[in-house]
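Reader: Let's go through this one quickly. Can you put it up, and then I'll ask my questions?

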Amino acid sequence: MTRALPLLLATFLATTVPATEQSPAPPAYGGTTAEAVLTARRIHTLDASQPQATAIAWDKDGRIVATGTAAELRHRFPQARHVDAGDATVIPGLIDAHAHVMELGYALLRADLSGATSTQEVVQRLQAYAATAPEDAWIIGWGWDQNLWPGARFPTAADLDAAFPDRPVWLSRIDGHAAWANTAAMRAAEALDGARRFDGDWQPDGGRIEREGDRATGVFVDGAMALVQRAVPPPDEAWRARALEQALQAAVANGLTGVHDMGVSRADLALMRRFADEGRLPLRISAYADGDREALADLCEHGRYQHPGGRLQMKGVKLFVDGALGSRGAALLEDYSDAPGNRGLLVTDPAAYGAAVIRARDCGLQVASHAIGDRGNRIVLDTYQQALAGQGARPDHRWRVEHAQVVAPDDIPRFASLRLVASMQPTHATSDMGWAAERLGEERLTGAYAWRRFLDLGVPLALGSDFPVEQVDPRLGLQAAVTRQDRDGQPPGGWLPGQRLTALEALRGFTVEAARAGHDESRVGRLVPGLRADFVVLDRDPLAIPGGELSQLQVRSTWVDGQPVHTAD
């Protein structure tokens, strides 16, 4: 980066002008004045009519007015401020099409157990965390994954009790679909009025208490987690605001200018709205309401929400069908290959799920449904097909299937015929590839993590990370999509390499297609006149380097509405 850019960044930060639009601008916009012109070695606009440029100009409201050559735009707008990005490459702002903003903030403030390779390492990390936490507070952690441990067995309360005999411990699994409690936490939950003992032969709806014989082991899967979670003291508003602040900063530092936040509660939307009112949202959040709670009722009563600043909206709803593959909660058509008799969980009764889809349709909302197993995906497809055939369905509905992780091959063409969006996360494949074949068997891998099959059928492929389940860094997703390998280049040639994407297809998945999945293609996703000046300045060209180097790209700065929201300098 040249010396001119950091100085101009400081100037921009001191004179940030908030966006003022309330509705998307038409792409045919042709402005006559520009507040700034940015020049760079290469700019990928992702616009078919002019895919590359060396300059971009935007007005005082953060709307692009022109793209072209550096000489052309500097001559056309001689009074505009000049931002010199030197030898950098500029791309449209990256959009994570499936993530969890508040959960990322919580994870950043709690005990980090991600990557731990044994229960002993988990305990050591918890002890270090506990030394910094109030003595009477629950120890809350996140990120354990038994698939990384010897034997890949689920942990037990006994693994925690020796170190924490009296202090409640509650630890979420990496996928958020299971949690692990010590005995003190289970006893605290059982002491609640009307609570049922966790031992026995009963199971909660939509969940599973892991047991040895009739004794609860300490692991609670999907719907069972609520039995303990209700005993955990809720965080106060100041702590939640701190969590949101940290999550937002982590996102923009990694080149994200937008996030589709899946499963947002009424309280979380209120906090985000306060941040938007105060000018503290550095990126765009397309929130999808938590379909099981009050946020959906609010949308049906008051209509879809759009903040006047243009950086926060809620126009859709997120629904759940099944659990996750790593905790054997994904609903399968046949038994798990490594757990005979187990076909996973339906976390929502199919009839109740169908009623929620119809309600969302009748409220004019976009529907997004979590489905990981082949049975879960089939239930979504069957439900969507019935709902979309009824009155009230919009022709350009763009209903979404979140994850679409394991799909029966005969069901994949139905995504195209129903005009659905496949919202998928490339790093799930590289995280799961070490054990997915054991869970599913070789035959079911044909429709697993099958990005190329979807794309070749013309199914829009919106890419994301599912952070904090995976890391917030979209560069990891770009690399996983292109190579089907981990960061060490394993396995050679890539896992199920026939499903790889090209670098351009992967980049479009995090920009053009992610924007389209949120009905936002007239605002973001490309660098063309009329759209917002959301872009990322990189040290190298992601379309010109080996796929194995995509995760090493350096984010020099991240811009939203023509303003720098992060700079590496």
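Author: A naming point to begin with: helices (H or I, at least four residues) and strands (E, at least two) are DSSP runs, numbered from the N terminus. With that, Pro-491 lies in the loop between α17 and α18 (503-509).

Reader: What is the peptide bond joining Gln-490 and Pro-491, cis or trans?

Author: That bond is cis, with omega about -5°. Another cis bond runs from Phe-467 to Pro-468, with omega near 10°. Pro-468 sits in the loop between β20 and α17.

Reader: Before more numbers, what are the ground rules here?

Author: This is a predicted model, numbered from 1 along each chain as its sequence is written. Local features need pLDDT of at least 70, side-chain atom pairs count only at pLDDT 80 or more, totals for chains, interfaces and linings use all residues, and side-chain values use heavy atoms, with hydrogens and water left out.

Reader: Fine. Which residue has its side chain joined to Asp-473 by a polar contact?

Author: Arg-475, at 2.8 Å. A polar contact is a pair of N or O atoms within 3.5 Å; within protein, one must be able to donate a hydrogen and the other to accept it, and residues adjacent in sequence count only if both atoms are side-chain atoms. Asp-473 lies in the loop between β20 (461-463) and α17 (474-483).

Reader: Is Asp-473 buried or exposed?

Author: Buried, at 12% relative accessibility. Buried means under 20% relative accessible area, exposed over 50%, partly exposed in between (1.4 Å probe, protein chains only).

Reader: Switching topic. How many disulfides does a search of the whole structure find?

Author: The search finds 1. The disulfide joins Cys-300 to Cys-363, with S to S at 2.1 Å; the criterion is a pair of cysteine sulfur atoms within 2.5 Å.

Reader: Which parts does the pair tie together?

Author: Cys-300 lies in helix α10 (residues 294-302) and Cys-363 in the loop between α11 (350-362) and β17 (366-371), so the link ties together parts that are 63 residues apart in sequence.

Reader: And why is the disulfide called right-handed?

Author: Because the torsion about the S-S bond is about 110°. Cys-300 is partly exposed at 26% relative accessibility. Cys-363 is partly exposed too, with a relative accessible area of 26%.

Reader: Helix packing next. At what angle do α3 and α8 pack?

Author: About 100°, with the axes 7 Å apart. Here α3 is residues 101-109 and α8 is residues 237-253. Axes are lines fitted to C-alpha atoms, for helices over the stretch in contact, and angles run from 0 to 180 degrees between N-to-C directions.

Reader: So what does that make α3 relative to α8?

Author: Roughly perpendicular. Angles of 65 to 115 degrees count that way; under 35 is roughly parallel, over 145 roughly antiparallel, and the rest oblique.

Reader: Which residues make the contact?

Author: Among them are Val-101, Met-102 and Leu-104 of α3, and Trp-239, Arg-240 and Ala-243 of α8. Contact means heavy atoms within 4.5 Å.

Reader: Last topic, backbone. Where is Ala-404 found?

Author: Ala-404 is in the loop between β18 (400-403) and α13 (412-417). Its phi is near 40°, a positive value in a residue other than glycine. Ala-404 is buried, at 0% relative accessibility.

Reader: What about phi of Asp-561?

Author: Positive as well, about 55°, although Asp-561 is not a glycine. Asp-561 is found in the loop between β22 (555-560) and β23 (563-567). At 0% relative accessibility, Asp-561 counts as buried.
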